Amino acid sequence: AIDRFAVAEELGFDALSEPARVRAYEKARDDGEPAATGLVAPLLKGSAEALFVIAIPLFSHGPKPATVEERRRRLVGFVSGAVALERVIADAVEEHGKTALTVSVEDLDSGTPERIYPPAGIPGSGEAAAASIPLTVPGRRWRLRFAISPSELDRRRSAAPWAVLGAGLAAAATLAAFLLM
C-alpha cells in the first residue's frame, strides 16, 4: 500500500527534470504512442526500488494528429505510471521458487545492452538450459532471458517414464508367462 502522505510530499515533482523521463515524454509526444523510460529512481521517499515509467500522450479533441508538428501543437498533457520491474518479475516467477528459474532483463535501447534486472552485482547461477525472447515495452526494446540451474533441472526430471516402462515390462512378462503355460 502506498502512504498517501508520502505521495503528497512528492506533489509538484517536475517529471521533466530527469533526462530519462524527458526522452520518454518527448518520444511519446512525437510518436503519438506510449513510451517507456529506462530504469529511473523512485519518487517515494524510502523506496530503493528502481522502476520504469510509461508515458501516454493526450491530445486535444479530434482525429489523431498525423504529423509530429500537429502532435506537438495539440498535446494537452500525459498520463503516466511507474512500474517496479523487480516486483513484476518476482510475482511472475514466484510459483517456480526463487532458485528454480533465473530471469534477467536487458535494455537494448541504451546503446550497448544494459542489464536492468537483476541489478548489477547479483551473480547468476550456472545454467543447464536457457532461452531468450525479445520484448517491446512501449518505445523500448528489451531482451528477457530465462534459465534453469542444473540442480533444478535434475530435480524436475521425472522417474515416471521409467516407472511406466517398468510396469509395462512386468505386465508383458506376466502375460507371456500366463500364455506359455
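Residues are numbered from 1 along each chain as its sequence is written, and side-chain values use heavy atoms, with hydrogens and water left out.

The secondary structure of the protein chain comprises six helices and seven strands; helices (H or I, at least four residues) and strands (E, at least two) are DSSP runs numbered from the N terminus. From the N terminus on, the order of elements is α-α-β-β-α-β-α-β-β-β-β-α-α. Of the 181 residues in the protein chain, 27% are buried, where buried means under 20% relative accessible area, exposed over 50%, and partly exposed in between (1.4 Å probe, protein chains only). Among contacts between residues at least 6 apart in sequence, 48% join residues at least 24 apart; a contact means heavy atoms within 4.5 Å.

The average pLDDT, the predictor's confidence in each residue on a scale from 0 to 100, is 78 for the protein chain, and 80% of the residues score at least 70. Where pLDDT is low, the predicted coordinates should not be read in detail.

Strand E2 (residues 52-59) is joined to E3 in the antiparallel sense over eight bridges, and proline 57 has phenylalanine 78 in E3 as its bridge partner.

Arginine 29 is placed in helix H2. Leaving aside neighbours within four places in sequence, arginine 29 is in contact with Pro57, Phe59, Arg71, Arg72, Leu75 and Phe78. The side chain of arginine 29 also makes a polar contact with the side chain of aspartate 30 (2.7 Å). A polar contact is a pair of N or O atoms within 3.5 Å; within protein, one must be able to donate a hydrogen and the other to accept it, and residues adjacent in sequence count only if both atoms are side-chain atoms.

A further arginine, arginine 74, lies in helix H3 and counts as buried because its relative accessibility is 12%. The side chain of arginine 74 reaches the backbone oxygen of histidine 61 at 3.2 Å. Beyond neighbours within four places in sequence, the contacts of arginine 74 include Leu58, Phe59, Ser60, Gly62 and Pro63.

Another open sheet has four strands in the order E5-E4-E7-E6, and its pairing is antiparallel. E5 and strand E6 (129-137) stand at the edges with a single partner strand each, so one side of each is left without a neighbour in the sheet. Neighbouring strands of this sheet are turned by 30° against each other on average, direction ignored. Seven bridges join the antiparallel strands E4 and E7, with arginine 143 in E7 as the bridge partner of glutamate 106. E4 and E5 pair in the antiparallel sense over three bridges, and aspartate 107 stands opposite glutamate 114 in E5. The hairpin of E4 and E5 has six residues between the strands, and in it glycine 111 takes a positive phi near 90°.

The largest nonpolar core has 12 residues, among them Phe52, Leu85, Val105, Ile116 and Trp142; a nonpolar core is a set of buried Ala, Val, Leu, Ile, Met, Phe, Trp, Tyr and Cys residues joined through side-chain atoms within 4.5 Å. Helix H4 (85-93), strand E4 (101-107), strand E5 (114-117) and strand E7 (140-148) are the elements that give two or more residues to this core, and H4 gives the most, with three. A second, separate core of eight residues includes Ala28, Ala35, Val40 and Ala55.

How values were computed:
Pairing = 2+ DSSP bridges. Axes fitted to C-alpha atoms, helices over the stretch in contact; angles between N-to-C directions.
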